[in-house]
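Keep the model open as you read.

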Amino acid sequence: MEKITYKLFLVLVLVFALQDGQTQENAEIRKIKFKGNDAFNDGELLDKITFREATWIGKTFFKKEPSFYSAEAWEMNKAQLKAFYQSEGYLHVKIFDPEIEEHPRKYKVELKVRIEENQPVLVDSVSFATLSQGASDSLFLKRGWERRIRKLEVEKDIRFQDDLVQSDQDAISEWFSSQGYAYVEVDPVISLSSDTLGASIRWEIEKGPFCRFGDVDIEGVKRTPEEAIRGQLAVAEGDVYSSEKLSRSQKQVYELGLFRIASLQAGLSKQQSDTIPLKLTIEEAPRWSTRFGVGYGREDQFRTFIDVDYLNFPGKTMRSNFYAKHSGLEPYRFEATITQPAVFGPNSSLEFNPEVGRRSEEGFESFRWGGDLSLHQNLSDEVTASVSLYFERVNIDIESDFERSLSELDQSTYSKNGISLGMLYNTAKPRFDPTDGWSLAFNTRANSSLFSSPYPFFKYLFEAKRYQPVTNGVVLALRLEAGSILPVGKGVVTPVEERYFAGGSQSVRGWARQMLGPMDEEGVPIGGNSILEGSIEPRVKVIGPVSLVGFLDYGNVWRSENTFKLNDVRFAAGAGVRVSTPIGPVGLDFARPVFESLKKWQIHLNIGHAF
């Protein structure tokens, strides 16, 4: 009887084991966890394999297909993990088969993968040589080569990484091809030491023939004068070949703003001719284009706009834009922008911008018309400068009885004119949802600098933004803004519509729009001459297009000029959700003041990030 029971027990164990294995082989992967991965977090490793975690939200709302576990599929994912680690310098990584835990719900499992990373390979040395002249090639003595070396990613004592080697290979090739060597070939010769876990890299460079540009053939032009296009080129027949100049030429042609496609290609040949012809293929953009949109924001309520572009008008290389908008803050605004590109060279443009509109704020309502004439100059790919002459005619109705009683503000209709200067440094990318880079802007305005005006003043504003990737799917966004308005000459006060206000969806979000700062006895915002504000905002991707943000905003506005009292700075904290769209993220934020007796929640709904 005992023998029968024992055999029956073994049979049952075998049956359940087989059923368990079959369940695992067909089970949906609910969760994947890694252990021992000190160099890379779980999110980074998940990005490198085909297995995907299955969540109810992902399957229901974003139609994401789940992954199913099988021994064969695991071997493929294991190979992917190993290849990733080895490409990052961990040649002796060990990846163990997963521990499989069944989820309480049937046919679902959780995987726990243990990893032994071991020591990575470090770079022992980096050297360079051309095949024709070795390490003594005269090109290595150029100052530009020294600058290039300092920018290379791979250097002594850093961890060996395949993608950094590839990046340096491209950078070295680009430098040589910008010195006239169109056919250059660059190869890394890597020597590994199994004892010291070190790697020596010797870059071997085959320069090929020294080349010059040939003639430039332009195809596809219909409306735009060919001489205007040639004026944007940074190359000419007979110039020393340069890939950098090719790239710059294509960019400058495209910046005319008239083309859908502007592709400049070098006619490289298998025979490696020392004269390189160029072909510029143009596809002109449609002459008419129209954008129309409607939306809703907590501050401006219902809003709508229409935006019309008309190319090659009024001149053959000019662009005209017509824009109209309606919202709760701007009952109407009409403006036109006429642009003449390449006015003083390939990287400059002249803009004439007339406009008329009405503005409705808590503290005032205004009607204004005027315009400005602006010169924009691209100093580099990252830096843009501008200078403008402006004129405005303003009719204003001030809500505050106190402000209306001031003798210095007894004019409801007046003119403003002057010169404004601006400078922008921008490396933040991508445009609508930055994940890395800087944006630094400085703007000044000198009113009454051209003709006499009732309110002479000097105004400046500095703004810095930083987007710092922290880890996979997490970005830390920072902002700091400071500015002031200084009455000059016979000026005593500044016009209300020029003053600084704080509070709102793009300011300190714990307060309603313009409700942080100086107010009269009745609680009407009257603005101030100095502002200091900023934000700290972690942005975390959750799933698909959905992100979550937390934020701490701070700031205030002071009545006097050049006044920034840190002990008066107010704080607000909150959180929000973002959904990415082709025109930028749509956001909903909840915020309230902190360190305040009154803690009323504010809700902000907008298109785009707060900054």
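Accessible areas here come from the Shrake-Rupley method with a 1.4 Å probe, and for residues only the protein chains shown count as cover. On that basis the protein exposes about 32,800 Å². Carbon and sulfur atoms supply 55% of this area.

This is a predicted model: local features need pLDDT of at least 70, and side-chain atom pairs count only at pLDDT 80 or more, while totals for chains, interfaces and linings use all residues. Residues are numbered from 1 along each chain as its sequence is written, and side-chain values use heavy atoms, with hydrogens and water left out.

Start with the overall build. The protein has nine helices and 26 strands. Both are DSSP runs, numbered from the N terminus: helices are H or I with at least four residues, strands E with at least two. The radius of gyration is 32 Å, well over the 25 Å that the globule rule gives for 611 residues, so the protein is more spread out than a compact globule. That radius is taken over C-alpha atoms, and the rule is 2.2 Å times the number of residues to the power 0.38. Along the principal axes, the C-alpha atoms fill a box of roughly 110 × 80 × 45 Å.

A contact means heavy atoms within 4.5 Å. Among contacts between residues at least 6 apart in sequence, 58% join residues at least 24 apart.

Strands pair if DSSP finds at least two bridges between them. Strand β15 (residues 348–360) runs antiparallel to strand β16 (residues 364–378) over 13 bridges. A hairpin of three residues links β15 to β16. β16 then pairs with strand β17 (residues 383–398), again antiparallel, over 15 bridges. Here the hairpin has four residues.

Finish at one residue. Ser439 lies in strand β19 (residues 437–447). Is Ser439 buried or exposed? Its relative accessible area is 13%, so Ser439 is buried. Which residues touch Ser439, leaving aside neighbours within four places in sequence? They are Leu424, Tyr425, Asn426, Glu463, Ala464 and Lys465.

Conventions: Buried means under 20% relative accessible area, exposed over 50%, partly exposed in between (1.4 Å probe, protein chains only).
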